[in-house]
Amino acid sequence: MVKRRKEDAMETRERILDAAITVFHQQGVARPSLTEVAELAGVTRGAVYGHFRNKADVFNALAERVQLPGEKLCEEAGSEPPENPLGVLRTRWLWLFQEVSCNREWQLILDIILHRCELVTESGEIRQRMLDCTEEGQERVRQLISWAVDRGQLPADLDVELAAPLMHGSLVGTLGDWLLQPRDRDLASIGERYLDAMIEMLQHSPTLRRSA
């Protein structure tokens, strides 16, 4: 009986989150109320508050369903340089592009986070998570690029402090742009070409040299 109640509670929680995805994606985060989420989920407003403290809590729970770019880059990040730092960078970003391209739920949630999260109190916690994720992602890109320089995969005079945020921002921008019109292009395919173009830029652009 206890197990069944727990299963029912978990099912209700997931139904609330499913409804929140629809509501936040259609209306943004700031404007709709949790009452609207409850109505779509087919539960009472009290049931929503039985699982979540507030709208920010719901939003954070949604974000837990996906892996943000910086989190993927930092996954199993060690202090020792890998044999192929550029390969690690390329593989993890390519995995993210491929996952997003075929996972509709990830598309909706990332679109909410990147495009429908107004700069208001309710989005404060998720904004902080995004800021932390961006900082961690940029640092991980910087670390992998530095290791690639040490391994001879990139030029010894590469301006790493310039190259790292440029590459990270370009790839996050590619993801964000695609989410605006996901049916226009194949993210997995175009993402791979973007990755290779960015790596070639790091290898050959004179503007990215410290002497420049």
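The model is predicted, so local features require pLDDT of at least 70 and side-chain atom pairs count only at pLDDT 80 or more, while totals for chains, interfaces and linings use all residues. Residues are numbered from 1 along each chain as its sequence is written, and side-chain values use heavy atoms, with hydrogens and water left out.

**The whole chain**

Display the chain as a cartoon and colour it by secondary structure. There are 10 helices and 0 strands; helices (H or I, at least four residues) and strands (E, at least two) are DSSP runs, numbered from the N terminus. Next, colour by accessibility: buried residues make up 44% of the 212 residues. Here buried means under 20% relative accessible area, exposed over 50%, and partly exposed in between, with a 1.4 Å probe and protein chains only. Of the contacts with a separation of 6 or more, 73% join residues 24 or more positions apart, a contact being heavy atoms within 4.5 Å.

**Residues 33–52**

Select residues 33–52, which UniProt, in an unreviewed entry, marks with the feature "DNA-binding region". UniProt positions are given in the numbering used here, feature names are shortened, and annotations may be inferred rather than shown by experiment. The span is 75% helix and 0% strand, and its end C-alpha atoms lie 13 Å apart.

**Helix α6**

Move to α6, residues 85–102. Its 18 residues should span 26 Å at 1.5 Å a residue, and the end C-alpha atoms are 26 Å apart, which agrees; the expected span is 1.5 Å times one less than the number of residues. Show the side chains of its buried residues, among them L86, R92, W93, F97 and V100.

Centre on L154: leaving aside neighbours within four places in sequence, L154 is in contact with L86, I145, A148, V149, I199, L202 and Q203.

**Salt bridges**

Finally, show the charged side chains. A salt bridge is a side-chain nitrogen of Lys or Arg within 4 Å of a carboxyl oxygen of Asp or Glu, and the count comes to 12.

Begin with R151 and E83, whose side chains meet in a salt bridge at 3.9 Å, N to O. R151 lies in the loop between α8 (124–150) and α9 (160–180), and E83 in the loop between α5 (69–74) and α6, so the pair ties together parts that are 68 residues apart in sequence. R151 is partly exposed at 38% relative accessibility, whereas E83 is exposed at 67%.

Turn to D111 and R116, where the closest N and O atoms are 3.0 Å apart. D111 is buried at 4%, and R116 is partly exposed at 28%.

Select R53 and D57, which pair at 3.5 Å, N to O. Is R53 buried or exposed? R53 is exposed, with a relative accessible area of 55%, while D57 is buried at 17%.

The last stop is a network of salt bridges linking R13, E14, D18, R65 and E105.
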